[in-house]
Amino acid sequence: MRNFAGIYLNLLTFGISATLFIAFITGVGLAADTPKLIPLRLAYSAITVNQAIPWISHDAGLFKKNGLDVEVVHASSLTALHALLAGEVAIAQSVTDGCVSSNLSGADTVFMAAILDKPLYSFIVNPKIKSPQDLRGKRVGVTRIGSTPDALARATLKMWSLDPDRDVTIVQLNEMGLLVQGLVNGVIDAAPISIPSNIRAKNLGFVELFDLTKIGKAYITGSVVTRKRFIDGQRDVAKRFMRAFLEGMKTYLEDPEFSINVIQKWTRAKNREEVKEAYALQARHMLKIPRTPVGGVKTILEGMDRIPGAKTADPRRFIDSSIIDDLEKEGYLKTLYKN
């Protein structure tokens, strides 16, 4: 006690209050004023620029600013979807077709947001392929069956009057970067490839047979997928996440240098010029308010005509924009984008 008394007298000399002294010797009270961050797990499904917003929100401290401790993990689209359905993650980035197919099968998966209404992809081919008809008998690479590249490959082949199941061989290579490597090694002859990997492929001498931004249909890219039970049951957390996500989008648009650095870090891209080109392309097309386009869901449903209920499903049932709507009603969006 004499030791504590001596410490107390010394602290008083420096103007330390009795309350702080008690907190000092008990180890409680001082941290009480610091709110505890709410844990949340997010899975992103591809190492590509359209997945960049959560990376930016994470590295800029925007999740923490909004009271969240977000763990950002990488998983294939199929693994990310399974993790979402199992409750292992609250949000999955860009499990676009999986969101719709799971919902059709009875799950409560919904689109919370989407940053693009068109695919920033190129249908890249070996330079020996001069026309779509030259693809007959060839190998078309995708990341995973059921992924966005798979859906785009099938939609594009059908547009060219080619049957994806008969006229070509679909080859799974798991990662976007491996599609480029597959072209280089001759494992595949063609693939729908997103930015910045498509830029890399063209720089290596491969050819853009078709610019998929001109596919003529709305297509959801950079989607934020979750479950209705998360939005309804943890609405405050969902709103915190969406604020941080929107702030990440604003940072992307207004701070190119920071954003390019983040993209280069998370994609491990060595060529900065390719990253800058990909960044600029997405910046030109990115939605300021990421409401999921109904037309994009219609496009997905059209490609799932073999799944029961797809033809008659109302595309609006797969979208929950209520968090964005709430933020708009509260004036948050006006505050975010003052101009």
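Buried means under 20% relative accessible area, exposed means over 50%, and partly exposed lies in between, with a 1.4 Å probe and protein chains only.

First, some ground rules. This is a predicted model, where local features need pLDDT of at least 70, side-chain atom pairs count only at pLDDT 80 or more, and totals for chains, interfaces and linings use all residues. Residues are numbered from 1 along each chain as its sequence is written, and side-chain values use heavy atoms, with hydrogens and water left out.

How confident is the predictor? pLDDT is its confidence in each residue, from 0 to 100. The mean pLDDT of the protein is 89, and 90% of the residues reach 70 or more. Over residues 1-9, though, pLDDT is below 50, and this stretch has six contacts in the model beyond near neighbours in sequence. A contact means heavy atoms within 4.5 Å. Residues 11-32 also stay under 50, with twelve contacts beyond four places in sequence. Where pLDDT is low, the predicted coordinates should not be read in detail.

Now the overall build. The protein has 16 helices and ten strands. These are DSSP runs, numbered from the N terminus: helices are H or I with at least four residues, strands are E with at least two. Take the contacts with a separation of 6 or more: residues 24 or more positions apart account for 78% of them.

Ser194 sits in strand β8, residues 190-194. Is Ser194 buried or exposed? Ser194 is buried, because its relative accessible area is 0%. Not counting residues up to four places away in sequence, Ser194 touches Thr48, Leu120, Tyr121 and Met176.

On to empty space. Rolling a probe the size of a water molecule over the atoms shows where empty space is left. We use a 1 Å grid over the protein atoms alone: a cavity is a set of points where a 1.4 Å probe fits but cannot get out, a pocket is an open set with protein on both sides within 12 Å along at least five of seven lines, and lining residues have an atom within 4 Å of a point. Grid points are joined across faces, edges and corners, and a volume is the space filled by probe spheres set on the points.

How many cavities of 30 Å³ or more does the search of the whole structure find? One. The largest cavity has a volume of about 140 Å³. Its lining has 18 residues, and Ser45, Ala46, Ser94, Thr143 and Pro149 lie nearest the centre.

Next, the largest pocket, with about 690 Å³ of space. It is lined by 26 residues, and Ala151, Arg154, Lys158, Gly303 and Met304 are the closest to its centre. Helix α7 gives the most to this lining, with seven residues.

Last, the second largest pocket, with about 550 Å³. Of its 17 lining residues, Gly177, Ser197, Arg200, Thr267 and Arg268 are the closest to the centre. Helices α8 (176-185) and α9 (197-203) each supply at least two lining residues. The largest share, five residues, comes from α8.

Conventions. pLDDT is the predictor's confidence in each residue, from 0 to 100.
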